[in-house]
Structure formats: C-alpha cells, structure tokens
Amino acid sequence: MIDTPPSTLAAVPADGDADLHWLRTVAHRVQESPDVFLSWLEEILGDEEAVRAAAKRSYWHPNGFAKMVLHASPDFRIRLHVWPESAEPSRGESNPHSHRWEFASTIVAGEGLHMVEFHETAEGGKPYARYRYGADPANPAALLADGEARLEVDKTPHVRLGEVYSCDTGIVHTVRPIAAGLTATVVIQGPHRTSTTVVYCEPGESDDQPNGELTEADFRGLVGAVAEAVASCR
C-alpha cells in the first residue's frame, strides 16, 4: 500500500518489537534520506485512497496543530505533526502530559520545537489538576480526574531542524514551536506500553478539549507544504 513506508526508511523490526532504539533509528533515517521521505509523501498525495484513509485517522489538536497519521500498523505508526503558517508562534501542546507509547521524532520543517520536561514534587513547583487518559473503557478519549499534583521543571531541551528527540512513557512534557511560520515534525510511534497516561491542567482550566475534524483538503495542503519545505532543504 502507498501509506506503507519504504523499507529503507522503516522496515518492521526483525524481533517484532519497535523499541526506543529502533524508533530513533527510523527517525535518523528520515533525516539521512530526505529524497526517500519526500518521494513517499508525494506518492501518498498522488493516491486518492491513501489521502482519504490518512485524513480519516487524523485530526486538528485543540491547540491548533494537525496530527496526521501517515502509516498505521500493529508494530508502529508514523505521524506528521504540522503547525501551519502563522504570524505568532503557536502555544503547541501546553498541558504537561505523558504518553502510553515510546516515540522518536525529528524536525523536517521550521526552526524547531521547545520542550519542557517535568516531574511531580511534594513541595514547591506549580499546582495542577491531574487527569488520567484512557482510564474509562466506555470512552477511552475521556480525561478522568485523578487528584491534584505539583510539577517542577526537570529540563528544557530545544530540538532544531534536522535533530532527533526521543521520549519514553515516563516523561511528562510540553511541546511548542520555537518560531512562527510552518513547523513540522515526523513522529515514529511504538506500540502501547501502558493502558493509561497522565495529563495535567492548570487549576480552573477546562478538561473538555475536543479534537477538530481534519479534511482531505487540509491533509493535502499541509502535507504539500511540508513536502515543499523538505525539497527546499535538500
């Protein structure tokens, strides 16, 4: 299928486990083989069925960026996160959160991303309302209240164009573009390692943050813009 990445980018791991080392390897391959990655994007855009399928499993994040799933399989996923052209830098994913899966990502357009990594602390830090994502069998996307917590900053890594960032299930972080304008990152996502994950909201902030529909036209426009950016950097 067109949405299956070229084997030179992401062949299924020999032992069947897309662990963090393998995910980082794939992210580095995206950077080392821009022509292969670009050709794959162009093939997807040239196939109406592939565009339709990818758009259905993609969405607009409530903080204003697109999460587009280019490839989905039981072993791993390849997502493209795109912050569209804008006059001001986007707020990105501003609620501290962790993930149920490991991932590695690499910047393919724009200046890069600013991360903040946190840990819970008994004293000091900043107060948050804590929620569990994936804990409600009837509605896996719901956020269930899980008490209060205080978070303290661990570190603030910057990931620039061409660099790779990796994250395991124990890391709590926020992510935002460093600069205004188009920013895009390729995310290589492994299988679920935990059943739930944690999301923190500032006191008084609503936990109702629905995703928005991403149309086929949105998908074509955003992936096309990223393809142009990748081509210009070769």
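Analyst: This model is predicted: local features need pLDDT of at least 70, side-chain atom pairs count only at pLDDT 80 or more, and totals for chains, interfaces and linings use all residues. Residues are numbered from 1 along each chain as its sequence is written, and side-chain values use heavy atoms, with hydrogens and water left out.

User: What is the mean pLDDT of the protein chain?

Analyst: pLDDT is the predictor's confidence in each residue, from 0 to 100. Here the chain has a mean of 92, and 98% of its residues reach 70 or more. Helices (H or I, at least four residues) and strands (E, at least two) are DSSP runs numbered from the N terminus. Among these elements, strand 5 has the highest mean pLDDT (97) and helix 1 (residues 7-10) the lowest (86).

User: How many aromatic pairs does a search of the whole structure find?

Analyst: Rings of Phe, Tyr and Trp (its six-membered ring) pair if their centres lie within 6.5 Å; planes under 30 degrees apart count as stacked, over 60 as edge-to-face and the rest as tilted. The search finds six such pairs. In one of them, the ring centres of F103 and Y165 are 6.1 Å apart and the planes stand at 50 degrees, so the pair is tilted. F103 belongs to strand 5 (residues 101-109) and Y165 to strand 10 (residues 164-167), so the pair links distant parts of the chain, 62 residues apart. Ring pairs also join W101 to F103 and Y165 in a cluster.

User: Are F103 and Y165 buried or exposed?

Analyst: Buried means under 20% relative accessible area, exposed over 50%, and partly exposed in between (1.4 Å probe, protein chains only). F103 is buried at 6%, and Y165 is buried at 6%.

User: Why does the pair of Y128 and Y200 count as edge-to-face?

Analyst: Its planes are at 75 degrees, with ring centres 6.3 Å apart, so the pair is edge-to-face. Y128 lies in strand 7 (residues 126-133) and Y200 in strand 13 (residues 197-201), so parts 72 residues apart in sequence are tied together. Relative accessibility is 8% for Y128 and 4% for Y200.

User: Which residues have the most contacts inside the largest nonpolar core?

Analyst: In soluble globular proteins, nonpolar side chains tend to be buried together. A nonpolar core is a set of buried Ala, Val, Leu, Ile, Met, Phe, Trp, Tyr and Cys residues joined through side-chain atoms within 4.5 Å. The largest has 41 residues, and F37, M68, L80, V108 and F219 have the most contacts inside it. Helix 5 (residues 216-233) gives the most to this core, with seven residues. A second, separate core of 13 residues includes W101, V159, I171 and V175.
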